[in-house]
Amino acid sequence: MMITTLGRYFLKRYIVVMLWFLLGVTAISYLIDFSESSGRFSDLDGFSVAGALYLTALRIPLILQQTVPFITLFVGMTVLITLNRKSELVVARAAGISVWQFMLPFVVGALTVGLCTTFVLNPLAAWGQRQSLQVESLWRGGGNDTSKAIPWLRQISGKDDVIIGGRVVLDEGTMIVDAVLIHFDRDGRIILRQDAQSAKLKDGYWLLNGVTETRPGDISKRLDTAKVSTNLKKDFVQQSLASPETVAFYDLSQKIAVAKSFGVSTKALETQFHSLLSLPLLLVAMTLIAATVSLKFSRFNQSRSVILGGIVAGFVLYVVTVLVKAFGSSGVIPPFVAAWIPVVVAMALGATVLLHQEDG
């Protein structure tokens, strides 16, 4: 009964501090992203203050998803240091409760936050990212910012050999903004270039709007609309161009299966899937790292450099996780290994340090 009551008390403290941190990070992130968006888009015709506020609100879930590991680290350190300074952990130890018993509520709290991030926050972040890209595209209009160029597609339909590119991808890859279509003959020579404000993939053709056609040796010609036949399917284009960050966790398995059926590389999608699946355990690893420095700091009256060491350790774990994830997305290492190995190693190291500190 005593352990159960104490566990509920610790879990309540953890949840309260977590909510305050989430609120604070949300407010700071909102202000920073709003300022950054205002600076980037203020000179565009479609920009407005209300639109910038809306755009920032759409991006906040993705920002929170990316910062949750650090928030978990700081929450764990804050709660444990506070409990130590108020001698509550000392009393718990005197009552015969081991570090593994009073750490259980914090582990449960970290797992809960991780599950909520994967199953609730991630779908919201994916939807917000898709909507924010559409808002940016509407603002830019015919702008000349090419910082978000997309991969080029090649389609061979009958005698037509066309390479398709653009600046921004919308609607999961079926809409290309500021599209460029380059047509080749059988000898590989360019015979036509089409620059369009947008290219929408329909059944059997691309519908181009605001088209400028240029042929070698001829004057450019303007057209309101144009059609380019294609044998590309919507599912194939979606798998080829859709960013993993815009796909919700619930849809990743289906996207991976469809991509494999078309022969499209699924490394990035698989890495994203396993990263979200391992996120709860990554937060547990962050909590164990927080415990290794917070408990030792209070009990042995060491300097603040110990806490700084915990922050650095959490930062290194996060950087390694992101770096290995990039390797998995590019196919250098298997996605499963890229997502799970850093988490398992970090948990093992955290548990080993706690065993050494507490049990000798």
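A salt bridge, as the word is used here, is a side-chain nitrogen of Lys or Arg within 4 Å of a carboxyl oxygen of Asp or Glu. Keep in mind that you're looking at a predicted model. By that rule, the count comes to 4 salt bridges.

Let's begin with Asp 33 and Arg 59. Their side chains meet in a salt bridge, with 3.6 Å from N to O, and that sits within the 4 Å cut-off. What does this pair tie together? Asp 33 lies in helix H1 (residues 2-41) and Arg 59 lies in helix H2 (residues 49-85), so the bridge links parts that are 26 residues apart in sequence. Now check how covered the two partners are. Asp 33 is buried, with a relative accessible area of 12%, and Arg 59 is buried too, at 11%. Both get that label because buried means under 20% relative accessible area.

Next, slide along H1 to Glu 36 and Arg 40. Here the side chains meet in a salt bridge at 3.4 Å, N to O. This time both residues lie in helix H1, 4 residues apart, which is about one turn of the helix.

Now jump to Arg 193 and Asp 195. Their side chains form a salt bridge too, with 2.9 Å from N to O. Asp 195 is partly exposed, with a relative accessible area of 24%, and Arg 193 also counts as partly exposed, at 37%.

Finally, go back to H2, the helix that holds Arg 59. Where does H2 bend? Look at Thr 67: the helix bends there by about 50°, and a proline, Pro 69, follows within four residues. H2 is also mostly covered, with 26 of its 37 residues buried; Arg 59 is itself a buried residue. Just after H2 ends, stop at Ser 87, which takes a positive phi of about 65°.

Conventions: Residues are numbered from 1 along each chain as its sequence is written. This is a predicted model: local features need pLDDT of at least 70, side-chain atom pairs count only at pLDDT 80 or more; totals for chains, interfaces and linings use all residues. Side-chain values use heavy atoms; hydrogens and water are left out. Helices (H or I, at least four residues) and strands (E, at least two) are DSSP runs, numbered from the N terminus. Buried means under 20% relative accessible area, exposed over 50%, partly exposed in between (1.4 Å probe, protein chains only). The bend at a residue is the angle between axes fitted to the seven residues ending there and the seven starting there.
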